[in-house]
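Here is a short note to read beside the model. Please keep the structure open as you go through the points.

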Amino acid sequence: MMEATPKGLRLQIGIFGRRNVGKSSLFNQLLHQEIAIVSDTPGTTTDPVEKAMEFLPLGPVVFVDTAGIDDIGALGAQRVEKTRRVVNRIDLAILVTDAWGEYENGLLVLFGERKIPVIVVANKADQRRAEGAAGVLEAEARTAILAATQTTCELPIESDVTRPNVITVAAKSGEGIEALRQALILSAPDDFLNPPSILSGLVSEGELVVLVVPVDKEAPKGRIILPQVQVIRDLLDRHASALVVQDTELAKTLDRLKNPPVLVVTDSQAFARVAADTPESIPMTSFSILFARYKGDLTAMVQGAMAIDRLQPGAKILVGEACTHHPIGDDIGRLKIPNWLREKIGDEIELTVVAGRDYPDDVRGYDLVIHCGACVWNRREMLTRIESAHAAHVPITNYGLAISKCLNIFERALQPFPMAYNMYKENKTR
Ligand code: SF4
C-alpha cells in the first residue's frame, strides 16, 4: 500500500484538445512510464477520466483526461461543459493538437483568463514529417500563443515570450514524452514543487528529535553545515525540540532521556555507529535522506540506490555535488562513498566527481549517479537532474541512501517514510 496523498495536495494536470488529436494516447504514454499508480477514478466515456499517481520526479499528481472540446450534439455540449469545469480546478494544462484552429485559440483564452500555465503538445509529429510539414504546426502554435499573450497578458508560461512551451510529440511511439516530462517540471507551480518543510509528517509540536553531528576533520571550523542548520530551524518553526550531539555521545544521551525521541537524524557518515547505538524502537534516518525527499524525489532516489546491488566490477559512477566546497581530508563524495562501494562490490569502480555547474548535460554511459543533498538549490533544479538521469536510463540516488545501502541499514533508514519504504519492499521481492 502506497501512502495516500489527499487529492487536494496533488498537482492537477488537465489534458485538453479536440477529438482524435491523440489525448488518450498521450495520457496512456504518460501513465505507462510510471511505476506506481496509486488509485484510479473510473470515468465513463462522457466524463473526464482521472488517474492519481506518483509521477516521477514531480511527486503526487492527478492527470485528468478530458472529452474533445469540439464534441457535437446534445451529449457533446454536456461533455464540453464538463471539460470547461475541469479547467476551473487544474493547476497545469496540456493542450494537445494536430492542427491549429479556433478551438485551440479558445482554450488558450480560457487558460489565460484563469492564469493556468499551459504546455502545447504538437502531436502526430511522425505523420507531419511524412507529409513534409515538420515544424509548421509548432510555428503556428507559437504565433497563436504570442498573440494570446498580447491580448490577455495572462498566460503565465508565456511571460517568457521568447520560449513558448510547445513540445513536438508522437504519442503513439513515445517520441517527445521525455521532453514533455521536463516541461511539466519546469511549468509546475512553485507551491507544488516545494514541500511544506523538511520534517513534514515526521515531527509534531512539542516532540523531541536527536540530531547527530560528528565533528571530524571534515566539519567546517566554528559552525555546522547548512542541512543541519535547516533541520534545526524547521524544528524551531514547528515548536519541537532539537537535542544535538556527536555520534560518540549518542548512546549515553539516549540512556539519560526519560522519554525517547520521536526520531534520530544523523549525518550519513556516522550511520553505522548511530544505527548500532539507537534502539530499534526509535525511528532513525539521516539529514541526507530527509533532503532526498525535500529537495528531490525520495521514491526515485530509493529506486536509484537499489541499483547498487546490481553494480558490476568496473562500474562507472558519477558523483555530483551542487556546490563547490573545498574537499578536506576523508571527503565523503571522493573517498568515503567510493570506498564503501568498493567494499560492497568487492572490486574497483570508475569514479568521476563533478561540482557545481560542471555536471554533464547527458549522463549516458554511467551506471549510477550519486548526488549530494543539494541543500543550496531549490527543488526544481534537483528534479531536473533526476529527470535527465531518468531520460538517460541511469539510476540516480543520493549520499545518505547510497551509504545506508552499502552499510546494510537501508530498510531501517527508510522506515520513517512509509511510501518509499513500501515501494522498496514491494520491488525488492520482485
Ligand atoms: S550543496 Fe551538496 S555538497 Fe554543498 S553543502 Fe549542500 S549537500 Fe553538501
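1. Start with a term: buried means under 20% relative accessible area, exposed over 50%, and partly exposed in between (1.4 Å probe, protein chains only). This is a predicted model, where local features need pLDDT of at least 70, side-chain atom pairs count only at pLDDT 80 or more, and totals for chains, interfaces and linings use all residues. Residues are numbered from 1 along each chain as its sequence is written, and side-chain values use heavy atoms, without hydrogens and water.

2. Side chains of opposite charge can pair when their charged atoms come close. A salt bridge here is a side-chain nitrogen of Lys or Arg within 4 Å of a carboxyl oxygen of Asp or Glu. The whole structure holds 23 of them.

3. Take K405 and D309. Their closest N and O atoms are 2.8 Å apart. K405 sits in helix 15 (residues 399-406), D309 in the loop between helix 12 (298-306) and strand 12 (316-321), and 96 residues separate the two. Helices (H or I, at least four residues) and strands (E, at least two) are DSSP runs, numbered from the N terminus. K405 is buried at 6% relative accessible area. D309 is partly exposed at 48%.

4. Now R18 and D98. Their salt bridge spans 3.3 Å, N to O. The partners are 80 residues apart. R18 is buried, at 15%, whereas D98 is partly exposed, at 24%.

5. Last, K336 pairs with D216 at 3.8 Å, N to O. K336 lies in helix 13 (residues 332-345) and D216 in a loop, so the pair ties together parts 120 residues apart in sequence. K336 is buried, at 19%; D216 is partly exposed, at 32%.
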